[in-house]
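Reader: I have the sequence and the model open. Could you take me through the contact between the chains and then one of the helices?

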Amino acid sequence: MNADRFTILPGATEPIYRQIGSQLRRLIASGQLPPGEELPSVRDVAVQHAINPMTVSRAYCQLEGEGLLTRLRGKGMVVADGAHAVLSPEQRLARLQAQLADVARQARELNLPARLVLQRLKLLLEGPE
Amino acid sequence: MNAVLHAERSSDDPLRCEWLTKRYAGQTVLSNVFLEVTRGTVLGLIGRNGAGKTTLIRVLLGLEQPDEGRAFVFGEPSLGLTDAVKQRIGYVPQEPDAFAWMRIGDMLEFVGRQYPRWDSDFVELSLARWQIPTDRRLGRLSPGERQRVALIRALAVSPDLLVLDEPASALDPVARRDLLREIVARAAERGTTILFSTHIVSDLERVASRVVFLHDHRVVVDAALDDLAETHARLRVPAGSAALPASRIPGEVSRHHQLDGSITLVIARSRGEDWPEIVATPGTRLDALNLEDLFIEVAR
């Protein structure tokens with residue numbers, strides 16, 4: 001995996017270490033990062049995105065604690081063997097529940113019809129990253 | 001007295017200060033500042049213009065004498081640093097203006113001879129990368145070029161402590177990102193301790209591990225950046241609510257009365273601690289804050 005695959009948004013209320021953690025969790029859950037896949041080094045991620053190295057290692061350590069990553073001697077972090085149980089679509093959808101609920105709440109506060117919100121979401125899903 | 005001497009020697013943190021107070025012509029510019037900066041910290045100092053950032057940096061480094069309190073660099077009193085400690089510091093002032101009459105190449109060679117860990121490979125690479133003509137005199141450079149030369153000079157000493165006062169103020173976005181990457185690489189590879197002041201909040205959010213926020217000449221926030229969303233929040237109390245006492249509540253950082261009679265507060269707690277009881281009062285609302293929100297909410 002390349003360090004530039006992460007998307008870092010400094011202004012977000014979600015701290016950067018959690019942004020990295022949740023992106024990794026999603027990539028692993030969807031099978032896009034298979035077991036044994038090597039993660040970029042802490043230094044590489046930090047320098048690529050100009051973010052603090054301790055922030056990156058905090059994210060890695062957290063996922064190591066969850067059993068999703070393993071530290072391999074001489075190789076750094078890799079996706080753990082047990083992590084490959086690819087989740088069903090429902091299980092993966094469950095991971096978006098909180099964010100979707102948040103979007104729904106804000107859409108109601110803005111008094112936006114569901115149709116418009118869904119249209120925009122569809123565009124975002126199908127458009128380029 | 002013995003206890004005091006002992007305390008001085010017990011800590012060789014890159015930076016430390018206590019009770020720092022500084023006044024100019026009767027005006028307080030720093031008030032009772034305490035800081036302890038451990039090795040490897042990338043500390044971002046923010047605050048509005050005139051909040052005291054530059055003064056704090058200068059007093060920490062012993063370039064100015066405080067009216068009260070003391071500062072230490074690697075355990076030595078800042079006002080009497082030995083050459084051994086001075087050689088471990090790289091410092092870029094807000095407006096670098098030393099050696100204006102010298103040519104860039106000559107200045108770097110001259111300065112380099114005074115530092116045992118001078119990294120001439122780094123100097124060469126950086127001069128080329130930033131396209132700086134070495135035969136130009138420093139006094140003839142644009143502010144951006146002068147800042148870059150000062151950065152090269154500060155980084156070339158292979159400092160254990162790097163202090164940058166508004167390093168990005170004259171840099172374009174590309175050069176700024178270059179600098180941030182260099183800061184990050186130094187912290188990752190050598191454990192360099194870095195203190196930088198800025199008012200570009202997104203730069204700070206990226207590279208800093210800790211943020212210190214100076215407002216009205218005192219430290220109002222000192223927090224680990226990763227924990228900021230957990231430890232700081234905005235509380236809105238509706239107009240006419242009896243829940244909010246007129247006096248400060250625990251953890252209160254700031255309080256503003258809105259035009260509609262409601263009140264917004266910034267409140268802080270330690271990691272793992274609960275918010276004060278008032279957040280459970282019906283009608284109040286607790287919102288997460290990013291650093292920019294926090295800055296504006298406290299500083300306005």
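Reader: How much area do chain B and chain A bury between them?

Author: Chain B and chain A bury about 1800 Å² between them, and 51% of that lies on carbon and sulfur atoms. Buried area is the accessible area (1.4 Å probe) that two parts lose on being put together, summed over both. This is a predicted model, in which local features need pLDDT of at least 70 and side-chain atom pairs count only at pLDDT 80 or more, while totals for chains, interfaces and linings use all residues. Residues are numbered from 1 along each chain as its sequence is written, chains are lettered from A and ligands numbered from 1 in the order in which they are written, and side-chain values use heavy atoms, leaving out hydrogens and water.

Reader: How many residues does each chain give to the contact?

Author: Chain B gives 24 residues and chain A gives 21, where contact means heavy atoms within 4.5 Å.

Reader: And how many salt bridges are there between chain B and chain A?

Author: There are 4 salt bridges between them, each being a side-chain nitrogen of Lys or Arg within 4 Å of a carboxyl oxygen of Asp or Glu. One of them joins the side chains of B:Glu230 and A:Arg18, at 3.9 Å from N to O.

Reader: Which elements of chain B give two or more residues to the side that touches chain A?

Author: They are α7, α8 (201-207) and α9 (228-231) of chain B. The largest share, 8 residues, comes from α7(B). Helices here are DSSP runs (H or I, at least four residues), numbered from the N terminus.

Reader: Turning to A:Pro15, is it buried or exposed?

Author: A:Pro15 is buried, with a relative accessible area of 9%; buried means under 20% relative accessible area, exposed over 50%, and partly exposed in between (1.4 Å probe, protein chains only). A:Pro15 lies in the segment before α1 (16-29) of chain A. Leaving aside residues up to four places away in sequence, A:Pro15 touches B:Asp226 and B:Ala229.

Reader: Now helix α5 of chain B. Which of its residues are buried?

Author: In α5 (residues 120-129), the buried residues are B:Phe122, B:Val123, B:Ser126 and B:Leu127. They sit on the same side of α5(B) because they cover an arc of only 125 degrees around the axis, taken from the directions from the helix axis to the C-beta atoms.

Reader: What do the buried residues pack against?

Author: The buried residues of α5(B) pack against α4 (104-112), α6 (143-156) and α7 (173-190) of chain B.

Reader: Which exposed residues are on the face turned away?

Author: That face of α5(B) carries B:Asp121, B:Glu124, B:Leu125 and B:Ala128.
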